[in-house]
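Biologist: I have a structure open beside its sequence, and I would like to learn how to read its side-chain features. Could you walk me through them?

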Amino acid sequence: MGKMYKLIITIILILSLPSTSFAAVSQSSEGKEERIRHAVQIYYDLNSSKLVVKTTEISFDTGKRKMNEYTFNDKDIQLNSADGYIHENKSIISISPTSVKAYAAIMQKGKTEKYTKNFLITLYEFDYNTKTVRKIKQFKDQTTAYSSRLIHLYRSLGIYSIYSEKKDEYDYFSLKDNKRAYSGGLIIEPREVVDTQFTLNPHPKSGGYGVYCPDNNYVNCHLVNYGGGKGETVKITSHQKTNHTNGPMDATFFFGTTTVRKQNETINAQIKWTVTGTVKGSKSILFQGPATHLKTYVSPSNKYLVLIAETQVKDAVTASVVYIYDLKSLKLIKKYNSEYKATAEGINWLSDEVYMIQYYFARPASYPPFIYYIPYGLSLPVTYEETWQWGVDTFSHKEMFYLTRPLAITSGGAYLRYSNQPAFIMRGKYYVPLKEFSEGFKLDYSIGKTDIEFTRNGRTARLPIKDSGVIQLTNNTFVPLGDWNIELGLKVQSLQKSLWNNELSLSDAERKNGFGLQE
């Protein structure tokens, strides 16, 4: 347990930071819990012998970004350049039941041999409340040809693992007290469950879980409480050997009261698949027919089943069809052709109802991904850059669908406040939530069958619903800015973009008349 040290410099930054990891909570000016996405970068500067912590807060209530830099140079936390150059940094934010802390594993690689495999790993902790840092532990002479295997930080579980090449296994330690939690074994994370490599019984209620198993026989497994404590016993079913896409195969998945069976056979060099589902003794065919690959995924709380059927000729995917089923009723929610004829490598679930399919491309930046919002059947494009700059959110994503960079809207020094989904940029257009926008800028509107009509202090405007990009949801309507807002006295002045958020400034001709945005 290392000593704690106070920061010696605090600088408010206005530029974007170039690194990752994440999470936390603060209070809004109204006293409510503000919806914050946090990011952190922690690194050590060997030239100046200092540890630097850069934090980023992105408010989903306003879209604003706040950045801070903290620098520490106390002797007891310093690294020695003689131990090697900085090979790799790993930074995370871990949210315990009582506090928010950031952790960094800084790896030095020795200089004595040209191709050395020896590493020195130093683990640091930064406390968000006290703004102090401590050196938790150093691991000397860690040996491996693959540095990425040496240490892993489990953000949601409050533990970390150290790899032993000699034993070819991991030891797990608590981030709370640095005591050994488990020796050997493995931890199953949510990504492996939504990819249907494993099914769990009972299925965890929260998304940030981990299941520890003493070995790969997957018996005597249990949930991991924060800090490494033993939680509820979980029955694990592994599908790693049976759930492959090249026949023959026969895999059965148990999702609560629903059973799904996936089979294939090769007939005349063609793979034919049958997927059946059973609920309360009632059996349904979910898919039957030829496909080169048939991939299965489930949403984080087992609400939806997604099948992706791919047809491939030689090395080219010629067809990719997505099927979405309600897992409780086995009702087909949606069937649609994938945006790309490409190999699906997985699904990134942003919530239980929002996902992005990850496709394989040699040049991924040329093929922007799409966010799919299941309840409304919406397929919405995002830029490739927005998919690799993510924070960790402590707020619920319920009824939110575009979870990339929020768009802050400012006018006259005030910021528009959002109650749910913030404004965003899509296909170069600025989409605003109509309820909050009309309240903030004191305008009236009515939604008809073909148009949205606006009035503001005697000014009028009309926006056609068809072909204008209007997104109509049950709880709100999202409209792109254009001529209609100019006619109401609101013009786009400037746009500031960053890795984490965007900020749009509007001029307001009606502000002098008392119709302007207020804090």
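**Reading the side chains**

Modeller: Gladly. Let us begin with charges: Lys167, Glu169, Asp171 and Arg180 are linked in a network of salt bridges. Please keep in mind that this is a predicted model.

Biologist: Which residue pairs with Asp171 in a salt bridge, and at what N to O distance?

Modeller: The partner is Lys167, and the N to O distance is 3.2 Å. Asp171 has a relative accessibility of 10%, so this residue counts as buried. Lys167 has a relative accessible area of 44%, so this residue is partly exposed.

Biologist: How many salt bridges does a search of the whole structure find?

Modeller: The search finds 18 salt bridges. One of them joins Asp195 to Arg191, with 3.1 Å between the closest N and O atoms. Asp195 is buried at 16% relative accessibility, whereas Arg191 is partly exposed at 36%.

Biologist: What about Lys295 and Glu310: how far apart are their closest N and O atoms?

Modeller: They are 3.3 Å apart, and the two residues form a salt bridge. Lys295 belongs to strand E26 (residues 293–298) and Glu310 to strand E27 (residues 304–313), so the bridge ties together parts that are 15 residues apart in sequence.

Biologist: Are Lys295 and Glu310 buried or exposed?

Modeller: Lys295 is buried, with a relative accessible area of 12%. Glu310 is buried too, at 1% relative accessibility.

Biologist: Now to the cysteines. How many disulfides does the structure hold?

Modeller: The structure holds 1 disulfide. Cys213 and Cys221 form this link, and their sulfur atoms are 2.1 Å apart. For handedness, look at the angle about the S-S bond: it is 120° here, and the link of Cys213 and Cys221 is right-handed. Both Cys213 and Cys221 are buried.

Biologist: How should I read a pair of aromatic rings?

Modeller: A pair of aromatic rings is described by the distance of the centres and the angle of the planes. A search of the whole structure finds 34 aromatic pairs. Among them, Tyr402 and Phe424 are stacked, with 4.3 Å from centre to centre and 25° between the planes. This pair links distant parts of the chain, 22 residues apart: Tyr402 is in the loop between strand E34 (392–393) and strand E35 (407–411), while Phe424 is in strand E37 (residues 424–426). Tyr402 is buried, with a relative accessible area of 2%, and Phe424 is buried at 0%.

Biologist: Why is the pair of Phe437 and Phe441 called tilted?

Modeller: Their planes stand at 40°, so the pair is tilted; the ring centres are 4.8 Å apart. Phe437 counts as buried at 0% relative accessibility, and Phe441 likewise has 0% and counts as buried.

Biologist: Which residues form one aromatic cluster with Tyr402 and Phe424?

Modeller: The cluster also includes Tyr373, Tyr376, Phe401, Tyr431 and Phe478.

Biologist: And where do charges sit over rings?

Modeller: Look at Lys64, whose charged end sits over the ring of Tyr415, 4.6 Å from its centre. Arg35 lies over the face of Phe395, 5.9 Å from the ring centre.

Biologist: Which residues are in contact with Phe454, leaving aside its neighbours within four places in sequence?

Modeller: Trp484 is one of them, and the contacts of Phe454 also include Leu434, Leu443, Tyr445, Leu463 and Leu488.

How values were computed
Residues numbered from 1 in each chain as written. Predicted model: local features only at pLDDT ≥ 70, side-chain atom pairs only at ≥ 80, totals over all residues. Heavy atoms only, no water. Disulfide = S-S within 2.5 Å. Buried < 20%, exposed > 50% of the residue type's maximum accessible area, 1.4 Å probe, protein only. Salt bridge = Lys/Arg side-chain N within 4 Å of Asp/Glu carboxyl O. Helix = DSSP H or I, 4+ residues; strand = E, 2+ residues; numbered from the N terminus. Phe/Tyr/Trp six-rings, centres within 6.5 Å; stacked < 30°, edge-to-face > 60°. Lys NZ or Arg CZ within 6 Å of the ring centre and 35° of its normal. Contact = heavy atoms within 4.5 Å.
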